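Visitor: I've got a few minutes and a viewer open. Could you walk me through this one?

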Amino acid sequence: MIPEKMFQQILALGEAWGVARMDDQESESKVLIRVEETPELWAQASCPHCQSQAVRGYDHAPERRWRHLNVCQLQSEIVCALPRGECQDCRKVYTVRAPWEGRSRGLTQEFEAFALTLMREMPVKKAGEILGETDQKLWRTLFAPVDAAWTDLSWENVIWVGADEMNRKKGHNYLTVFVALQAKRVLLAVGGKDASVWERFAAELGNHNGHPRAITMGAIDMSPAYQKGVRENFGNAQIVFDKFQVVSQVVKAVDEVRRKEARADDSARQQLEHSSWLWRKNPETWTAKEGDRWTQLKDKPLVTGLAYAMRLERQKAYAATPLGQARNRFETWCRWVRTEAEALISGLLEPRRKAAEMVERHLEGILAHWRQGLTTAFMEGLNSLFSATKRKARGYRSIEDQTAMLYFVAGKLQIPYYG
Ligand SMILES: [Zn+2]
C-alpha cells in the first residue's frame, strides 16, 4: 500500500480530505503529512453562519501545521492550507474547520489524547521530554480540555461537601479544595483559606446547577474561618469535623508534650531521646525497635507516656460505634484529661488540656460524624492527592497550574476524545 493511502486510513479523514503527499524532512527528523480537501468537501458543507448548503470554495488560508503522533520514532505533523468557503446566501466567507484539530491550537486530537494520558501518569516536565514538546505547550494542552469539561460539569446532586487546605509551597500560601463526598471528586479549588472561600464556592455552585440550600453537610477541620464560612453561606449544612483532622490534632499535642518535657527535665530528655516516631504512631505500626523502646519506657514516670495513653484512649472513642457511647467516651476523656492536667503542677499536660477543651467546644460537630455515617472517608486521601498534584506540577506552582492539575487528576471530568 502506498503511504499516502495508508495515512488516509489511519487518520480517518473520510471522503472530504485526502493525503496529497508525504514529505520526510530528514534534517528535522520529522514527517510531514500534507492534507488537502477533495471536491466532496463542498458537497457536504454548510455555512456556519446561516446553515445554508449553498456554499462553494473561495480560496485557501495560509498553511498551518498540527503536531500528530510519532510515525516510526519520527515526529509527524499534518500540514494543510485550510480551504475557505463562501456562502451564496449570506455572502460570508469562512475558514473550514479541520476535523483532526484538538482543543489546543497546533495539535491533533490524537496527539492531545496521548499527551493527556502521559500527564495523568507522570510529571508534566517528564511528559514534555518524552513528547519533545515544551512543558508550557503541554500545560496549554491540559488547560483547554480541563477548563471546558469542568465548566460543563453539573453539581446538581451535590449535597455533602468537604473542604481541606492544600499548602501550595513553603510558607503561607494555600488553596482551599472543595470536594463532593459522595461522588468522591474535587469540585473547586480557590486561593486562600479564610471564610470568603465559601462565598466563592456558593457562587460557583450556582454556576454549576447546584444550590447552597441543598448542601446538608460540610466536613471541615476546626478552623474558625471555615466554620464561619459554612454557617454564613450554607444555612442548611450540619458542620462535621473530619475524623482525621481531629485525630491529627491529638497526635500533635503528644509531640508538644514530649518537647516540653525534654526541655523541662534532664533525665526525661535522656529517656526521650530518639523516640519521637514512637509517639507519632499507633502501637500496631511500631517497628520491632520501636516496640523495644516502648518496653524500656513504659514504666518510667514520663508525662509523654501519659499523653500518649490519652491519645490512644481518644482513638478508641472513634471505634465505639453507637452515638450514645461515643458521646460518653468523649466526655469521660475530657474529664480525665482535665483532672490529670490540673494535678500536674509542672504544667506539662497543658497542650493536652487545650486539646480536650477544643474537643469540648466542638463536640456536636465531632459527634455529627456518627449521625452522617462514615462518609468523610474521601477526605482521608486528600493529603496524598495534594502531594501527587504538587509532584506532577513540579516547577509550575501558579494557582492556575495546580488547580487544573487537581481537576484533571481528581475531578472525574468527561474529556472528549480522551475519556
Ligand atoms: Zn451563510
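Predicted model: local features only at pLDDT ≥ 70, side-chain atom pairs only at ≥ 80, totals over all residues.

Visitor: Which residues of α3 are buried?
Guide: Helix α3 covers residues 109-121 and reaches 19 Å from its first C-alpha to its last, close to the 18 Å expected. Its buried residues pack against β4, α4, α5, α17 and α18. The buried ones are Phe111, Glu112, Ala113, Ala115, Leu116, Leu118 and Met119.

Visitor: What is the geometry of the zinc ion's site?
Guide: The protein donors are the SG atoms of Cys47, Cys50, Cys87 and Cys90, lying 2.3 to 2.4 Å from the zinc ion. Four donors count as tetrahedral if all angles lie between 85 and 135 degrees. Here the angles among the four donor atoms are 103 to 121 degrees, so by that cut-off the site is tetrahedral.

Visitor: How many residues apart in sequence are the parts that Cys50 and Cys87 tie together?
Guide: Along the chain, the donors follow the spacing C-x2-C-x36-C-x2-C. Cys50 sits in the loop between α2 and β3, while Cys87 belongs to strand β6, so the pair links parts that are 37 residues apart.

Visitor: Is Cys87 buried or exposed?
Guide: Cys50, at 34% relative accessibility, counts as partly exposed. Cys87 has 0% relative accessibility, so Cys87 counts as buried.

Visitor: How are α8 and α12 oriented to each other?
Guide: The two helices pack with their axes 8 Å apart, at an angle of about 170 degrees. Angles over 145 degrees count as roughly antiparallel. Therefore α8 and α12 are roughly antiparallel.

Key
Residues numbered from 1 in each chain as written. Heavy atoms only, no water. Donors = N, O, S within 2.8 Å, 3.2 Å for Na, K, Ca; no water. Tetrahedral: all angles 85-135°; square planar, octahedral: opposite > 155°, others 65-115°. Helix = DSSP H or I, 4+ residues; strand = E, 2+ residues; numbered from the N terminus. Buried < 20%, exposed > 50% of the residue type's maximum accessible area, 1.4 Å probe, protein only. Expected span 1.5 Å × (residues − 1). Contact = heavy atoms within 4.5 Å. Axes fitted to C-alpha atoms, helices over the stretch in contact; angles between N-to-C directions. Parallel < 35°, antiparallel > 145°, perpendicular 65-115°, else oblique.
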